Amino acid sequence: MTKQRIDARFAALKAEGRAAFVAYVMAGDPDPDTAFEILKGLPGAGADLIELGFPFSDPMAEGPPIQRAAQRALAAGMTLRGVLALVRRFRETDGDTPIILMGYLNPLVSYGFAAFAHDAAEAGVDGLIVVDCPPEEADPLADALDTAGVSLIRLATPTTDDDRLKVVVRRTSGFVYYVSVAGVTGVKEADADAVAPAVARVRAASGLPVAVGFGIKTPERAAEVARVADAAVVGSALVDQIAASLAGNQPPAPKVLESVAALAKAVRMARANTAPAAGVQA
Amino acid sequence: MNAPSKPNDYSAYPDAEGRFGDYGGRYVPETLMPLVHELDRAYAEAKADPAFHAELNGHLKHFVGRPNPLYFAERLTAHFGGPKIYFKREELNHTGAHKINNCMGQILLAKRMGRTRIIAETGAGQHGVATATVCARFGLPCVVYMGATDVERQKPNVFRMNLLGAEVRPVTSGAATLKDAMNEALRDWVTNVHDTYYLIGTAAGMHPYPAMVRDFQAVIGEETKRQVLEIEGRLPDAVVACVGGGSNAIGMFHPFLADEGVRLYGVEAAGHGLDTDKHAASLTGGRPGVLHGNKTYLLQDDDGQIQEAHSISAGLDYPGIGPEHAWLHDIGRASYLTCTDQEALDAFRLCAELEGIIPALESSHAIAKLGEVAKDVGKDGVVVLCLSGRGDKDIFTVADAVGRTI
């Protein structure tokens, strides 16, 4: 049931001739109710897909903003079960926006792969990205997700060469996430010139849409990426808005959604200004 | 559930995927996977190259000071009134612990791979000092990640690393201890994949590290075997070692795995006690999960969040354990005991007073269980204990624990 939501969304955007804007937020950050308020507001603010982080105590590929978001969420009592409850609540009013959970393997091991896949599908989760689960280790998880109809979305990186790319895209569906910088989230900036050929390479190897993330902070950079990729992902910059709002005693949701609107607008306009580039999308 | 059967060829582990039974593996972000494969190939080539071993053995002899003695601990033997107790004197190595065995092997591999920058994590600072030492010796820049809490409580080792030319970066994320230092070292590696070698200090992490670190530490067990045969004309009845990540223990155990008559005892840190939430006994008090690149026993909550470990000994203060120990535990080839902070402190003083050796608090955990092991093997037995490090670094901690100001 759930894979279809991702495929339908990318098909609709392709018909519109534009890339998707993907917003990443951490489930439960800074507390479950505020996180729900943000989540619920994302589609209206222009997010085409949602990546929802599930917190882990030891996130080895995250930079400081998402590390701190995870710590805030855990301190507020978020658990993997709590994340699924949040998705279930979101689905009461939104049946179309794809939700991809993103995080680390141990909470899934602890939950049990089969139980998790079942509960996630039932809650309305469409895909899963597990940062520390490379294809070599993914079969048991992929088996469980296949049974439940949830996409396992793979990461390709600047260090993934052509031979390895074949391994990376095996058993994947929905889209491929291209990590545009060798590094952790939210630190280095993506080099738009290097992104275009990489996206083309990943698209050719997988036959799937390619989302680009890990180095996009501004509407300008999001627009550059949206000209060449099928989706642009922004996470750390949004999560930073939560931190800044908390530091300034302001409610976080309006600030985050304002940033989402600006980024989404830049992505929507990206190809309108440079019509020929739209042809890049296969 | 049936107990897993014991394999008859321990040297066949890990398999090509880095598995010891269900444990081990390579759970790392995609950015690192190509490097992990490259490291695997480079280490396999080095392992098969006699010139690599000749160079390593030369440095182990002239720089580290190997072989170190197998020493008959006469008064402790009398104290326990049972089997003969021997110490494998790893604390006599250059830098005062077994850590240098592994660092020497890995720095030669890093050079062979053409890497120009070394990073490491450290808890108590022993692995950091050993890494800084080999980096100075071979002229490579060195960055050591250390939890801010540990930087504060291990100032002498921070200064030692600085003297050796290493940069120590305090880590403030998480609880600011060893596991957070390891997270930060991994983040550095992901960011600097093109030139950086990550010199992991224990037999854990992603394949090939658990196997590689074990191989470099196996010199402990190999020498012990030669020496005990020379002195006693037979193999020991038991060997004992403390276990945090487990590198000195696996180095001692591995050459004896196929000698089924030799009992293997690892000793985990029970901190304030297993019935509290302040201990570091991953096998005895944890359950399997995935952290830092490998599947192994971990201290974790019901949601799979990793918990902070506690031990009076900073070197054992880690919520996981090497995957080969997890496997040896499950198949029953090795037994894992636990020792509280207080028992370790008592053993620390006992060893100093009876043998004239101030042991590391880590090694004191193993000493504390000699009585129990002695009972198991009987009066006429032979027991070898791995004295993994010297205790000079711990005198402030011990003074504090007994209420003395120094």
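Which strand and which helix of chain A each supply at least two residues of the lining of the second largest cavity? I kept this question in mind while working through the predicted model.

**Entry 1, ground rules.** I noted that this is a predicted model, in which local features need pLDDT of at least 70 and side-chain atom pairs count only at pLDDT 80 or more, while totals for chains, interfaces and linings use all residues. Residues are numbered from 1 along each chain as its sequence is written, chains are lettered from A and ligands numbered from 1 in the order in which they are written, and side-chain values use heavy atoms, with hydrogens and water left out.

I took a cavity to be a set of points, on a 1 Å grid over the protein atoms alone, where a 1.4 Å probe fits but cannot get out, with lining residues having an atom within 4 Å of a point. Grid points are joined across faces, edges and corners, and a volume is the space filled by probe spheres set on the points. The second largest cavity holds about 130 Å³ of space, and of its 17 lining residues the closest to the centre are Tyr177(A), Thr185(A), Phe214(A), Gly235(A) and Ser236(A). My opening question is answered by strand 9 (231–234) and helix 11 (236–247) of chain A, where helices (H or I, at least four residues) and strands (E, at least two) are DSSP runs numbered from the N terminus.

**Entry 4, a sheet in chain B.** I looked up an open sheet of 4 strands in chain B, with the order 1-2-12-11 and antiparallel pairing, where two strands pair if DSSP finds at least two bridges between them. Its edge strands, each pairing on one side only, are strand 1 (19–20) and strand 11 (287–291) of chain B. Strand 2 (residues 23–27) and strand 12 (residues 293–298) of chain B pair over 2 bridges, and Gly24(B) has Lys295(B) of strand 12 as its bridge partner.

Among the contact residues are Phe113(A) and His118(A) of helix 6 and Leu141(A) of helix 7.

Conventions:
Contact = heavy atoms within 4.5 Å. 1 Å grid on protein atoms, 1.4 Å probe; cavity = no way out; pocket = protein on both sides within 12 Å on 5 of 7 lines; lining within 4 Å.
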